[in-house]
Structure formats: C-alpha cells, structure tokens
Amino acid sequence: MGSKWRKAKLALGLNMCLYVPHQKLEDSSPSSSITHHRDTTNAPSRFSSDAVPHSPVSPSGNDCRRPTTPTPSSSGLRISKSAPKFSKRTCSICLTSLKLGQGHAIFTAECTHSFHFQCIASNVKHGNQACPVCRAKWKEIPFQSPASELPNERSRINPSDRPRDDAWTTAVRRLPSPRLDSTRHISSLFHASEPGTFDDDEALDQQQENPEQNVIDRDASKNSSIGAIEVKAYPEVSAVPRANSHNNFAILIHLQAPHTSGGLNSRNRTIFSPTAQNSRAPVDLVTVLDVSGSMAGTKLALLKRAMGFVIQHLGPSDRLSVIAFSSTARRLFPLRRMTEAGRWEALQAVNSLTANGGTNIAEGLRKGAKLIVDRKWKNPVGSIILLSDGQDTYTVPSPSGAHSRTYYKSLLPLSIQRNGGTGLRIPVHTFGFGADHDAASMHSISEMSGGTFSFIEAEGVIQDAFAQCIGGLLSVVVQEACVKLECAHLNVLINSIKAGSYQTSVAADAKAGSIDVGDLYADEERDFLVTVNVPVDESCDEMSLLKVKCSYRDPISKELVSLEENNEVKIQRATVVGQTIVSMEVDRQRNRLRAAEAMAEARAAAEGGDLTGAASLLESCCRALSETISARAGDRLCVSLCAELKEMQERMANRHVYESSGRAYVLSGLSSHSWQRATARGDSTDSTSLVQAYQTPTMTDMVTRSQTMFFGNPPQRKLRQAQSFPARPRPR
C-alpha cells in the first residue's frame, strides 16, 4: 500500500499521468500484474477482459498516453517529457498489438508498461532486469516455469500456437539483491564461443550459381525487370562564336535511376510490404552497434526501438546480423533471413543488449567485415550500418593527432575498403550519436568504404535516421553503374571531371574519361560536371563535343545493361551569336559544387583554429550563391544550400559549439554533397526543414512511417528535436 501511495503522490506532484492499478489499494498483491486470457473459457476476475491494462489517467480524469515517471523506489532513469512515447496498445519488444483473445499472456510491470509475457520473460531470461521502455529497475520480474522450456524446438513465433495448459505457467519472481554483479550478462555475451569462420549464414530462398553474365544492348527497358537509367547532357550554353575558343566549357552529365522494378513508382508504399519482395533486390545488412557504458539509459532504449523498426521493415528475403561492441565485439546471431521467425529472434537478441565497457570500433568493424567476407551465400545488395556515441580508445590514440588519418584508416578492414583490392562493394553507413562521438573517424570510415556519415544530434531522431538509410538500401535498382565519356571532335579535350567522392579517370591523351557511379536507389539522381576545351572552328555550323555512354547491372536479373542511346553533346557555331543564356541545370550544379568547396575550406580553417575565417568563407559563398541566375529564379537546391551554409556558420560561433556539434554537422553535409545522397543532420529528416537534399521518395516514405508509427502526426516531431545532447548555444 505504501508504495502505491508514493506513486500516487509523485504523479500528482509532478502533474504527470497516474496509472490506476486494477486491484484495490488494500490488496497486498504485487504491483506487477499478469493478464492471461483463454479463448475457450470464461476466465475469472483478473484473467477476464476486465483485466486488460487500463489506459493511464491524469488526476483530472482525462485519458492520457504518456508513460509515467518511475518511482524513486525503482531507481530507474526518468525519460524527458519530450522523449518518444511508446504506445500502450503495442508490445515494445515485438511491436505487435496487445490484444486479448489470441492466447497471449500480458505482463504489466510496476512502472505501468505492458508487454507480452513471452516477450518480457525471454528478455529477462537474457539477463535484463529493467523495463525496456523507461529503464526502470524492477523489484519483481517475470519468469517461466521449467515446464515451459522447449529444448527440442526453435522458439515459436505465434504465442497462440503454444499449449495452453499448465506448461506455460506465469509467475513473478522477486529480484535478488542489487549488489549482484551488473556486468554478468554482458560478460557472458562477449565471451561466449564463436565459430572461427562465419559461414553459418542462413541460405537464401533461391540460391543460384553465378551464370555467365550476358551483356545486352537496349535503348529501352522492355525486357528488363527495372527501367533504364535516364541519361541527359546539358552544355553550358547552346552556341559559341566560330572565332572564339573556350578553355573550360562546362557540360553537365545527369543520371536518374529508374523507378522500382515492376513499374511501381517508389512513392507507392507497397515497395516495403512483404508481398513486394520480388520487386526489389534483397539485402544483406550487418549492423555494428556501440553498447559501451556511455550508451546506458535512454540512448540504448532508443537504439533498441530503432533496431526494432529496421527489423520490422526487412522482408523474408533480406538477411540481418547484429554485431555489438564495447571493449570487445560479439556477433549476436549470424546472417538470418527476416522471416517471421527470424524477426522474432532478432528482436529478442537486440532487446537483450546491455551497456557496459569501453569503445572498440575497430574490433566491431573487423567482426562485421569478417561476417560479410565469410558468408556462404550472398544477396545482391550488401551494407554495414555502424553506430557509435564515443571515440575509439583502443586504436586511435588521439583524434586530433597529426597522424589521426592513418589511425582512422586502420579502423576499417582492408577487405571492405573501396581501394582494398577485394572487389567487394560494401558501403559502411556511419551514424555519430550525440556530442561525444569522433565525427572525423566516422566520416573517414564512411568515405573509405563508399558509405555516408549521419550526425544524430537529437537522441529522438535515431529511428528516423535509420529509416532514411534503409529506405535507400531497400530500393537499390542499379548496381555497378559506369559513365564513359569520349570526345567527339578531333581537337576537343577533357580538362576535368568534377564528381565529388566518385572515382574518375581521364585518359593520358585527354580524349576519354569515366566515372564509377556504383549503386543507385530508385529515382536517385546524379550530376557530374565535365569541363572541355572548345577550339576555334570556322568551318562548321554545329560542333559535336562529347559522347556519353552508360552501363550498369540489373540487381535482380543480374544482366549487364549497356545503353547505346545517342547521347551526344552538340553546340551551334555561328559567326555572330546573340545574348547567350546559361543553362539553369548547369548553373545550379555549379552552385552545389561551389557550396561543397566552401564547406571543405571552412572546415579546414576551423580545424586550424580560425573560426572567424571559416565563418567568413561560408558567408561569402552564401552571398555569391544568392546572385546566381538559379537563385534569382527561386531554385530549391540553392535555397537549401544557403540555409545549410548559414547553419554551419552559426555552429562555428565559438570553439565549444564547433567541437560539440559544428564539426559533425559540417562533415555530414560534406558526406551528403560528395556522394549526392541524403544524410541525417540537424533537422534534415523533418518535412519542414530547408536543409533537405537528395532524399528519394522511398526514403521520404520510410521516414514518414517512422514518424507516424508511435506518434500519430509528423508535426509532433518538433517536440522530440528539443531533446539534444547538449543544447546548442546560439551566437549573439
């Protein structure tokens, strides 16, 4: 009775929601309750439908869905009011509905959060003794009687399939003294035996031997499982006087990936449904997750929820493996297909994680790379997601040291480096969590592997950041894309190819060049600026400058597609040319490259200690962009670039601001622009943000799903973004 009154007084004093237990206050039964419903009988009293955990009510009697604050007796972590709210109607472990009439037992903890009994009992069995939602330490925990063990069977997915007899007895066990070693679980997790070779991955649905790849020529996509890449070329101006030469004439090469296969527009939500697995290339995804001591509490709870979102949106043809690292690294389970059974087991493994120890990023990546290299079967798409909130204290001695770049390179195994010589294309998409992560190392890891770097500043945005990333990975429609350039005139030479982080080459005689583009997501676009010299020519009215060809591999059919369309860049040559109009497409891409160069220069100045000079560079670039023709025309990309430059300028107000958020924000922006691919930084995942670039429709759709899964309407995201790691001071 005393503990219930303390809860009531605390809730009333804080004007928080109050959970009203179904038992009377005089009842001496434990505050944790279990509801078990049977379909075939009318269960008595607390086993009846009346025993469904009630929605919490405020002292005024209004219905409220906000989780209560743990009591002092639970010694749990208090989550901010602006933190994400978990639905009372959903089990936060398996993310399915808490409904009666399906043979489920429902466990309601003393902190008022409810779970399927099987889910929470399995969670406790792995060593957790705290609420997965609010991290409150429980005095009483659920456990299953020994008769419930099924040693000869895999764990079942549908609880209604279990025998509904005394073999599934529900019980509550009093926790032992809190003096027990809290590292017991994490120690057993990281020291359990692992196979020497990670070739125990689950077989694919239809594993076929690699047939001889057929090269096919087509100017359309009639026989392809996906549409063809759209290739366009834009000259800087349409005409140049015959008597004039031009040494740096710009030509824009524009690529746009097709929609999702089967003719589905990627805006169609069916792309992520289990029934649409044949319409996209399946993925092998390895997540390398930091579970060091600094991840304890809200961070780890939100990471688990974000991983639950990822698991829920992977299909039965996709495979997932999780590597957890702290002072050392451990594979939680091999690459496993995300069937119903696979998702269930993955959720259980993720929810069993606890935070403890140091930060050994290199060991986590080594194990993740080994898993990719050793796997017996291979899905068409492969990727690694790395998340960390700290600095590697085992490999990188000092993030600001003179040889830090060499140490950063040692973090990433050679087998998955772009120039490692193995031929593997496994991008590592890195996520820096909070103000204390090593942004420079995370950016270097992503850059060396061909991945992107995202900065998760507000802890509540982690799920959106993951959602945006997998929204792209689950929509790969092009692989091994390559653009080949050939000069079409005897005296035309290629001067430069500006392609950001993409690998380019120019022949020794400057008559040909190439761009290694790699994978493209559905509807994704790429723009490359090529400069050539335009010679004097008095003999022609029209001059051909450049021929553009493109080839790529269809990830579903495995066919190598070669586009032989007539993409030839031509300009008019006349004796007298009137007023020339610069191509809007070329101008806007020049602005993008100019902004990216200013960001890189400002970052170099800031790292050298000249924050004033860095801010001045950004301001000058923003002013120059505002005077271009595309800016005057209200071009959205130009507006976005200016907003981003101003945000970076504010984050260079002083050394403290730059160290806590400015460096990571700038590096994430550079990663985005160099790869022309969306990254998460600041409020970039919010639909109202001006700093939005390169998001594809499938990314937008997945982020929307993330924002509406627990919170109803996307505008509520503003509440979550208020909770950041530190509050970033604004310059005066």
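# Reading a predicted chain

Modeller: The protein chain has 16 helices and 22 strands. Helices (H or I, at least four residues) and strands (E, at least two) are DSSP runs, numbered from the N terminus.

Colleague: What kind of model is this?

Modeller: This is a predicted model, where local features need pLDDT of at least 70, side-chain atom pairs count only at pLDDT 80 or more, and totals for chains, interfaces and linings use all residues. Residues are numbered from 1 along each chain as its sequence is written, and side-chain values use heavy atoms, with hydrogens and water left out.

Colleague: How many of the residues in the protein chain are buried, as a percentage?

Modeller: Start with the cut-offs. Buried means under 20% relative accessible area, exposed over 50%, and partly exposed in between (1.4 Å probe, protein chains only). Of the 732 residues here, 55% are buried.

Colleague: What do contacts tell me about the protein chain?

Modeller: A contact means heavy atoms within 4.5 Å. Take contacts between residues at least 6 apart in sequence: 75% of them join residues at least 24 apart.

Colleague: Which residues touch the most other members of the largest nonpolar core?

Modeller: A nonpolar core is a set of buried Ala, Val, Leu, Ile, Met, Phe, Trp, Tyr and Cys residues joined through side-chain atoms within 4.5 Å. The largest has 68 residues, and F115, L303, L320, L387, I462 and F466 touch the most other members. Helix 4 (residues 298–313) gives the largest share, eight residues. Look at L303. Beyond neighbours within four places in sequence, L303 contacts L289, D290, M295, L387, I462 and F466. A second, separate core has 55 residues, including L335, C621, C638 and A643.

Colleague: How do I read a helix such as helix 13?

Modeller: Check the span first. The expected span is 1.5 Å times one less than the number of residues. Helix 13 (residues 636–650) has 15 residues and reaches 21 Å from first C-alpha to last, close to the expected 21 Å. Next, check the start. A side-chain oxygen of D635 lies 3.3 Å from the backbone nitrogen of L637, capping the N-terminal end of helix 13.

Colleague: What does helix 13 pack against?

Modeller: An α-helix has 3.6 residues a turn, so residues three or four places apart point the same way. In helix 13, the buried residues include L637, L641, E644 and M648. The buried residues of this helix pack against helix 10 (584–607), helix 11 (611–625), helix 12 (629–632) and helix 14 (655–675).

Colleague: What is the nearest side chain of opposite charge to D587?

Modeller: Lys and Arg count as positive and Asp and Glu as negative; His and the chain ends are not counted. A salt bridge is a side-chain nitrogen of Lys or Arg within 4 Å of a carboxyl oxygen of Asp or Glu. D587 sits in helix 10. D587 is buried and has no salt bridge; R590, the nearest side chain of opposite charge, is 5.5 Å away. Now look for a polar contact (a pair of N or O atoms within 3.5 Å; within protein, one must be able to donate a hydrogen and the other to accept it, and residues adjacent in sequence count only if both atoms are side-chain atoms). The side chains of D587 and S630 make one, at 2.7 Å.

Colleague: Where is Q676?

Modeller: Q676 lies in the loop between helix 14 and helix 15 (697–709). Its phi is positive, about 55°, although Q676 is not a glycine. Q676 counts as buried, at 3% relative accessibility.
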